[in-house]
Amino acid sequence: MNSFTGQLAKSLRQPEFWAYSSWLDLATKYRRTRLGVLWLVFPTLMFLLVLGNVYSHLMGYPVEEYLPYLGVGYVCWRFMLQCINDSSSVFRTHKAFIMDGRVRLTDFILRGIAKALFNFVFAMTVVVAVLVWSPMVEWSGLSSLLVTLPILLVNMVWLSFCIGLIGARFPDTSEFIHTVLVVGFLLTPILWHVERFPLGTTRGLLARLNPAFHLIEVVRAPVLGQMPETHSIIAVALMTIVGWLMAMYLYRRYARFVPLWI
Amino acid sequence: MSDVHIKVDHLSLEVPYFVQTGNATDKGWLSTLLGAAMSPPKRRFARLLDGVSFEIEAGNRVALLGRNGAGKTTLLRVLSGAFAPTNGTVEVAGSRQALLNLGLGFNGEATLVENIFLRATAMGMSPSDIRGMVGSILSFAELEEVSGRRLSTLSSGQRMRLGFAISTSLQQDIMLMDEWFGAGDAAFIEKARLRMNDRVAGSRIVVLASHNFMMLRKVCNTGLVMEQGKLAYAGPVNDAIQAYKDIYHATKKKKKHPV
């Protein structure tokens, strides 16, 4: 059987199917609507303008500082959310393809990630507007995205595959993940600052056990001109390495069973 | 090209499946409803293919025969590469095309042309190849005038025609087919038959699962008969059809006069 990295490389070299079909999914979704793809932008716009204003007062942060913080955290969270949600049933939704002999599983993983990424890019236009507007953010912060976003993406690849594989074997996975993610949004420091729970307290420790926090922090902090906590950098580095090793192992061991499970 | 072949050696396939343990027939309707929601499914394994060995050389057109549930579709899925064998080996050399699902991967909200791109990229074609084929696919499906419309506005027969035109637009070394699809109006069926004959003639190997003896005799030269996951007969197509009929009659007799 082929390796995870080998299959992934082949998928990346032949992006026609997954890139085109995910783009078409997105484009056709809004085809019946008058405003079309603008609907990809409005939810983020509403979220930031309304919730951002309300919560900056509730939390007692200045709005110029809070909006960029919330914006970057929120779109990163939404990107991860879509990747994970999509992957938990990805092989079952592509059953017809797999049964027809299209068994390069990484194609379907990349299709889900591409869809989430397109959404992310549209939502990001709003966030970039906010970042440019805010006097607290500098251009050098924005350029850090060129480094940090690929890190986030690379983590989504292994995570999507592992969740997809587990989801193919155990259909409970997608329900479980839905439940966790609803709570996760409020538990992860997106609406609030992690400084509320300083290091050394039990709550502070628990908040830092959340892998989503570290993934977001590594993207968010540099944009706002700060250095991420050292813990976050170490955590993300570990996640990337361990995650990829796990994906490679799971692929070698279990990928051939996926058509039988679904 | 010349080494196109299929070689299957002691192929076995075990598949997990789930059974509901509750027996709905001898209880009241309330417990039937509760049972549907509450009784935990049990995971079992079924041996769908058992020690199947055969070889198909280039130039052969193989009829795949067997009663419902005998393992025809499963065998085709192994040959198409979807299922990896539990035991034994399967060797398929040559480009292959499975014609098992005509509506595969269509997007109802996309236009016909977009759907052609969608399906063709799913078949692994490059965009430049596809651009050259869009016209001929549309004209074969007789859908040129509506090419800009959304797929969901088409009738199911028209959609079938489009799926057929895309699926058969490429000539492959090995063609795997499940039943002969017969939707569409009479004129199109005739056209589809001509193209299939053409494709079959161009392929090096055809494996066709069907119950239509007339067609099998016309298209195929050899036959494989499956029975309960085992290969019951392999040989010339007329003998294979006879072997299949024998199995069929034997089981019918057994039902009439249980021993």
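Chain B holds an open sheet of three strands in the order E2-E1-E4, with antiparallel pairing; two strands pair if DSSP finds at least two bridges between them. Helices (H or I, at least four residues) and strands (E, at least two) are DSSP runs, numbered from the N terminus. This is a predicted model, in which local features need pLDDT of at least 70 and side-chain atom pairs count only at pLDDT 80 or more, while totals for chains, interfaces and linings use all residues. Residues are numbered from 1 along each chain as its sequence is written, and chains are lettered from A and ligands numbered from 1 in the order in which they are written.

**The sheet of chain B**
- Strand E2 (41-57) and strand E4 (87-93) of chain B are the edge strands, each pairing on one side only.
- From one strand to the next, the twist averages 35°; axes are lines fitted to C-alpha atoms, for helices over the stretch in contact, and angles run from 0 to 180 degrees between N-to-C directions.
- Antiparallel pairing joins E1(B) and E2(B) over 13 bridges.
- Opposite B:Leu11 stands B:Val52 in E2(B).

**Chain B against chain A**
- In chain B, 23 residues are in contact with 19 residues of chain A; contact requires C-beta atoms, placed from the backbone, to lie within 7 Å.
- On the side of chain B that touches chain A, strand E1 (5-20), helix H2 (72-80) and helix H3 (112-122) of chain B each supply at least two residues.
- H3(B) gives the most to that side, with five residues.
- That side divides into 13 nonpolar, seven polar and three charged residues. Ala, Val, Leu, Ile, Met, Phe, Trp, Tyr, Cys and Pro count as nonpolar, Asp, Glu, Lys and Arg as charged, and the others, Gly among them, as polar.

**Domains of chain B**
- The assignment gives domain 1 (5-94 + 212-256) and domain 2 (99-203) of chain B; such bounds come from an automatic or database domain assignment.
- The C-alpha centres of the two domains lie 28 Å apart.
- Eleven residues of domain 1 of chain B are in contact with seven residues of domain 2 of chain B.
- H2(B) gives the most to the side of domain 1 that touches domain 2, with four residues.

**Nonpolar core**
- Of the 130 residues in the largest nonpolar core, B:Leu64 and B:Leu208 touch the most other members. A nonpolar core is a set of buried Ala, Val, Leu, Ile, Met, Phe, Trp, Tyr and Cys residues joined through C-beta atoms within 7 Å. A residue is buried if 20 or more other C-beta atoms lie within 10 Å of its own, exposed if 12 or fewer, and partly exposed in between, with C-beta atoms placed from the backbone.
- Helix H7 (residues 105-133) of chain A provides the largest share of this core, 15 residues.

Conventions
Contact = placed C-beta atoms within 7 Å.
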